[in-house]
Amino acid sequence: MPSILETSHGEPVLVSMPSCAGISGPRSLADQLRWDILRRVLLVLKTASVPYMLSDGSLLFLVRECSVGDSDMDLNVDQSWWQKTGNSEKFEKAMISTGLSKTSTFGKLEQFGYEERW
């Protein structure tokens, strides 16, 4: 199975996908802003060595429509990484550096299903 995202010059880039055939870039200003936010988030997560993957609705939008959607963006971080001493703080610092702020937390870090909303 080919990768959806890979890095080139430290920047995440989209690899050729059937849903992106004939699309040369974002379709609207709102779409451009969402891609820019995703690019910033993925770059700081990569720089901080945070293991992540695009998931849920965000992955479906990318595969089906070559889009990041029009609501939230879904990223998963490996729970075993997140639970290691200092990594939760590392993640939070990386996210804050993008200009985002945490709006809510669901569950407990040491339990399955833990989520943060940024």
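Buried means under 20% relative accessible area, exposed over 50%, and partly exposed in between, with a 1.4 Å probe and protein chains only. This is a predicted model, in which local features need pLDDT of at least 70, side-chain atom pairs count only at pLDDT 80 or more, and totals for chains, interfaces and linings use all residues. Residues are numbered from 1 along each chain as its sequence is written, and side-chain values use heavy atoms, with hydrogens and water left out.

View 1. Helices (H or I, at least four residues) and strands (E, at least two) are DSSP runs, numbered from the N terminus. The order from that end is β-β-α-β-α-β-α-α-β-β. Buried residues make up 29% of the 118 in the chain. Contact means heavy atoms within 4.5 Å. Of the contacts between residues at least 6 apart in sequence, 53% join residues at least 24 apart. The chain exposes about 7,800 Å², and 55% of that comes from carbon and sulfur atoms. Accessible areas come from the Shrake-Rupley method with a 1.4 Å probe; for residues, only the protein chains shown count as cover.

**View 2. The disulfide of C20 and C66.** A disulfide is a pair of cysteine sulfur atoms within 2.5 Å. A search of the whole structure finds one. It joins C20 to C66, with 2.0 Å from S to S. C20 sits in the loop between β2 (11-14) and α1 (29-47), and C66 in the loop between α2 (56-65) and β4 (75-77), so the pair ties together parts 46 residues apart in sequence. The link of C20 and C66 is right-handed, with 100° about the S-S bond. Both C20 and C66 are buried.

**View 3. The two faces of helix α4 (residues 87-96).** N87, S88, F91, A94 and M95 are the buried residues of α4. They cover an arc of only 125° around the axis, which puts them on the same side of α4. The arc is that of the directions from the helix axis to the C-beta atoms. Exposed E89 and K93 lie on the face turned away from the buried side. The cover over the buried residues of α4 includes α1, β4, α3 (79-82) and β6 (115-117).

**View 4. The largest pocket.** A pocket is an open set of points on a 1 Å grid over the protein atoms alone, where a 1.4 Å probe fits, with protein on both sides within 12 Å along at least five of seven lines; lining residues have an atom within 4 Å of a point. The volume of the largest pocket is about 830 Å³. Grid points are joined across faces, edges and corners, and a volume is the space filled by probe spheres set on the points. It has 27 lining residues, of which M73, D74, L75, E115 and E116 are closest to the centre. α1, β4, α3, α4 and β6 each give two or more residues to the lining. The largest share, five residues, comes from α1.

**View 5. D56 in helix α2.** D56 is exposed, at 52% relative accessible area. Leaving aside neighbours within four places in sequence, D56 contacts D74 and N76.

**View 6. R117 in strand β6.** R117 is partly exposed, at 47% relative accessibility. Beyond neighbours within four places in sequence, R117 contacts S101, K102, T103, S104 and F106. R117 and F106 are 11 residues apart in sequence and 8.3 Å apart from C-alpha to C-alpha.
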